[in-house]
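Welcome! Have the sequence and the 3D view ready, and let us take a friendly walk through them together.

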Number of protein chains: 2
Amino acid sequence: MDRTRRAEEAIGACSLLVGYGPYLDSIADLCAGRQTLSSGMRQETERCRAALEAATEGAVVGLISSGDAGVYGMAGLAMEMAAAEGFAVAIEVIAGVSAANAAAAQLGAPLMLDSATISLSDLLVPWETIVERLQAVAAADLVVSLYNPRSKKRRHQLDDAAAIFRAVRPLTTPVGIVTAASRAEQQVVHSDLGHFLDEEIGMTSIVIIGNRSTRLIAGRMVTPRGYY
Amino acid sequence: MDRTRRAEEAIGACSLLVGYGPYLDSIADLCAGRQTLSSGMRQETERCRAALEAATEGAVVGLISSGDAGVYGMAGLAMEMAAAEGFAVAIEVIAGVSAANAAAAQLGAPLMLDSATISLSDLLVPWETIVERLQAVAAADLVVSLYNPRSKKRRHQLDDAAAIFRAVRPLTTPVGIVTAASRAEQQVVHSDLGHFLDEEIGMTSIVIIGNRSTRLIAGRMVTPRGYY
């Protein structure tokens with residue numbers, strides 16, 4: 001498992017664990033003997049408020065994210081909400097292995113050099129802003145890890161992103177797709193910029209698009225550091 | 001410690017551990033009872049070759065990086081060298097907590113949204129390429145984590161990077177500096193775009209420059225997700 005010893009130790013000191021149901025299920029061994037409070041997707045603010053309320057009342061609370069809580073996770077929301085709603089609690093962030101890093105390790109070593117991380121979800125960020133970022137990153141030849149690439153209702157964003165990268169990188173540029181990274185049902189697919197839209201890609205997928213140096217070495221996606 | 005259970009288990013299966021001396025020292029408990037081979041800085045290729053040679057002869061070898069071996073680490077070099085020099089060995093990459101993620105957790109939650117990771121070392125990448133990337137990332141309002149920001153001999157790169165960001169972001173933009181992240185001697189400094197060059201910054205520092213939304217919340221650096 002990708003979880004860190006530091007996270008395990010911190011959870012060991014908690015009296016209450018709060019999180020999205022499947023995240024708590026994935027640490028069932030650590031939940032045993034502790035109070036837990038789970039909730040569904042898109043209930044981030046309720047979950048966060050419940051955690052802050054319990055902490056205010058004296059509980060040591062673990063607010064569980066998948067990957068790294070500081071990357072599209074709950075860490076920032078907890079700090080924002082504590083300040084905005086006046087919860088006087090101490091908040092510690094425990095770093096984790098982010099989904100992009102976990103995906104990269106499965107693909108090979110695509111993130112060896114400079115890279116960017118961009119979410120294609122336009123629920124909270126205007127789509128025009130995301131397009132500007134994709135264009136800047138594509139032109140600057142950065143490897144990119146795309147979070148939230150596609151959902152059932154959200155299809156055009158990944159098509160648009162592909163078009164932006166196809167305009168400036170060869171269609172043979174390696175593209176890796178890892179779905180459910182570090183979980184039992186994990187899927188790893190190697191494709192390229194010309195073909196990757198044909199693959200199965202969903203909300204739990206990370207799509208990594210190589211730069212002009214990235215290549216397949218013995219079937220693995222590698223961005224060479226330049227020793228060779 | 002930030003090390004993962006997966007890494008500990010993998011090391012448990014190794015007969016030989018190879019790495020830069022201080023990295024092996026930091027996992028002394030896992031080195032006990034195992035053969036080790038340490039070497040100095042800038043001997044990456046020799047270290048990697050020794051690991052591959054031992055693996056070819058049948059050893060199960062752990063090639064130890066700090067942070068995430070797939071981010072400016074040894075993973076890519078091992079794959080490149082195995083292919084280029086004909087070592088027929090199986091290579092598995094174990095993802096870790098990258099230095100940027102570890103630094104972010106100490107600062108607050110600056111990497112909650114889209115961000116980029118750029119190394120200011122121009123040993124292997126032309127400085128003009130790095131400047132182009134900094135300019136693109138600055139203009140696209142991405143939070144940026146700078147690796148290898150400064151060394152004793154390399155001073156102008158961080159000054160130039162600061163100038164690029166000062167041209168497009170307010171001088172009050174939060175900047176966080178974490179030196180020796182996750183180690184006993186760790187230092188955490190909060191500054192801003194106008195003043196951060198005055199701080200002590202070295203080769204083991206990560207400098208995180210916020211975007212136009214990043215702000216200090218109760219003394220922590222947070223890039224809000226937009227719930228508030």
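## A charged pair across the chains

B:Glu8 counts as buried, with a relative accessibility of 12% (buried means under 20% relative accessible area, exposed means over 50%, and partly exposed is in between, using a 1.4 Å probe and protein chains only). This is a predicted model, in which local features need pLDDT of at least 70 and side-chain atom pairs count only at pLDDT 80 or more, while totals for chains, interfaces and linings use all residues. Residues are numbered from 1 along each chain as its sequence is written, chains are lettered from A and ligands numbered from 1 in the order in which they are written, and side-chain values use heavy atoms, with hydrogens and water left out.

What does A:Arg5 form with B:Glu8? The two form a salt bridge, with the closest N and O atoms 2.7 Å apart (a salt bridge is a side-chain nitrogen of Lys or Arg within 4 Å of a carboxyl oxygen of Asp or Glu). This pair crosses between chains, running from A:Arg5 in helix 1 (residues 5-12) of chain A to B:Glu8 in helix 1 of chain B. Helices (H or I, at least four residues) and strands (E, at least two) are DSSP runs, numbered from the N terminus. A:Arg5 is partly exposed, at 27% relative accessible area. In general, side chains of opposite charge can pair when their charged atoms come close.

## More salt bridges

How many salt bridges does the rule find over all chains? The count comes to 18, and across the interface of chain B and chain A the rule finds 8. One of the salt bridges joins B:Arg5 and A:Glu8, whose closest N and O atoms are 2.7 Å apart. Another salt bridge joins B:Asp2 and A:Arg6, with 2.9 Å between the closest N and O atoms. Here B:Asp2 sits in the segment before helix 1 of chain B, and A:Arg6 in helix 1 of chain A. B:Asp2 is buried at 14% relative accessibility, whereas A:Arg6 is partly exposed at 25%.

Within chain A, A:Asp141 forms a salt bridge with A:Arg169, with the closest N and O atoms 3.9 Å apart. The pair links distant parts of the chain, 28 residues apart: A:Asp141 is in the loop between helix 7 (127-139) and strand 6, and A:Arg169 is in the loop between helix 8 (156-166) and strand 7. Both ends are buried, with A:Asp141 at 12% relative accessibility and A:Arg169 at 3%. A network of salt bridges links A:Asp114, A:Asp141, A:Arg169, A:Arg212 and B:Arg133.

## Where the two chains meet

Now for the whole interface. In chain B, 65 residues are in contact with 65 residues of chain A (contact means heavy atoms within 4.5 Å). The area buried between the chains is about 5,700 Å², and carbon and sulfur atoms give 53% of it; buried area is the accessible area (1.4 Å probe) that two parts lose on being put together, summed over both. B:Glu80, B:Arg133 and B:Tyr228 supply 13% of the area that chain B buries against chain A, more than any other three residues.

Look next at B:Asp114, in the loop between strand 4 and strand 5 of chain B. B:Asp114 is buried, with a relative accessible area of 4%. Its side chain reaches the backbone nitrogen of A:Ser119 at 2.9 Å, and a polar contact of 3.1 Å joins the side chains of B:Asp114 and A:Arg133. A polar contact is a pair of N or O atoms within 3.5 Å; within protein, one must be able to donate a hydrogen and the other to accept it, and residues adjacent in sequence count only if both atoms are side-chain atoms.

## Helix 5 of chain A

How many of the 11 residues of helix 5 of chain A are buried? The number is 8, and the helix is mostly covered. Among the buried residues are A:Leu77, A:Met79 and A:Met81. Their cover includes helix 4 (44-56) and strand 3 of chain A, together with strand 4 (108-109), strand 10 (215-217) and strand 11 (220-222) of chain B. After the helix comes A:Gly86, whose phi is positive, near 75 degrees.
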